[in-house]
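Dear colleague,

Please find the structure below for your review. My notes on one strand and on the cavities follow it.

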Amino acid sequence: MPLPTMTHSSPFLLPSPPPPPADPADAASYAVVVLNQRLPRFAPLVWTRAQLRVCADGGANRVFDGMPDLLPGEDPDEIRERYKPDAIKGDMDSIRPEVKEYYSNLGAKIIDESHDQDTTDLHKCISFITRNPPDPDNSNLCILVLGALGGRFDHEMGNINVLYHFSSIRIILLSDDSSIFLLPKTHSHEIRVDPSIEGPHCGLIPMGAPSSSTTTTGLRWNLDNTSMSYGGLVSTSNIVEEEKVTVTSDSDLIWTISLRKHA
């Protein structure tokens, strides 16, 4: 029996929003999470596309300091008021006291979970969003994570682990250079690539477990019922050749694609 198909695309990175889908029920509902790393250049764009904005602890510092830097020529205080998080959640061991007070006075919800040392700040934020989705219909929820890559390697691995923990939710990790998301083995996948904002370099990584069979189309070096594993073949530095890439695998895979610098 054929697997159901899951479709992926990145319209949230387009300078102008695409036209709404014919059926409003198909429209994506975006939430954004900001972690404690340098904001990517497109952070203001992604922020405006989201209906719910959550900072993970020190991510609030990054928004407070970084948004004015990304929007030179505008009044910094006005920018900080405009880019106010809806909630700040985490251990509260990284956020500066003055930043916490500033956003609290603007109405941001401050959620201290320092009692929970078993989950990461990203995990806490994803849990919060799933309990408080921007749209009651969670089926089209897409969570965009800024600052998930770069910095300490163990933090990066922890962030990727969150993709596996919440495998039924669309979560995209974003940096200046890359977009990363999970391709669950429960579906076949159709990735719609917009060459104006992403590609051509891409990769398929069997991080959770080896894959004994992965098949793709749309790549320069397609896989045809191919085995992948650490210590064996891993599809890195591949090239997107078509605007539609398909992937089917017997294992969960990480998909990554480069982002163009003008995105």
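The lining of the largest cavity comprises five nonpolar, four polar and two charged residues (Ala, Val, Leu, Ile, Met, Phe, Trp, Tyr, Cys and Pro count as nonpolar, Asp, Glu, Lys and Arg as charged, and the others, Gly among them, as polar). This is a predicted model, in which local features need pLDDT of at least 70 and side-chain atom pairs count only at pLDDT 80 or more, while totals for chains, interfaces and linings use all residues. Residues are numbered from 1 along each chain as its sequence is written, and side-chain values use heavy atoms, with hydrogens and water left out.

The volume of the largest cavity is about 50 Å³. A cavity is a set of points on a 1 Å grid over the protein atoms alone where a 1.4 Å probe fits but cannot get out, and lining residues have an atom within 4 Å of a point. Volume is the space filled by probe spheres set on the points, which are joined across faces, edges and corners. Among the lining residues of the largest cavity are Glu198, Trp255 and Ile257.

Strand β10 covers residues 198–205, and six of its eight residues are buried, so it is largely enclosed by the rest of the structure (buried means under 20% relative accessible area, with a 1.4 Å probe and protein chains only; strands are DSSP runs of E, at least two residues, numbered from the N terminus). Five bridges join β10 to the antiparallel strand β15, where isoleucine 257 stands opposite cysteine 202. Strands pair if DSSP finds at least two bridges between them. Three bridges join β10 to β13, also antiparallel.

Kind regards

Key:
Buried < 20%, exposed > 50% of the residue type's maximum accessible area, 1.4 Å probe, protein only. Helix = DSSP H or I, 4+ residues; strand = E, 2+ residues; numbered from the N terminus. 1 Å grid on protein atoms, 1.4 Å probe; cavity = no way out; pocket = protein on both sides within 12 Å on 5 of 7 lines; lining within 4 Å.
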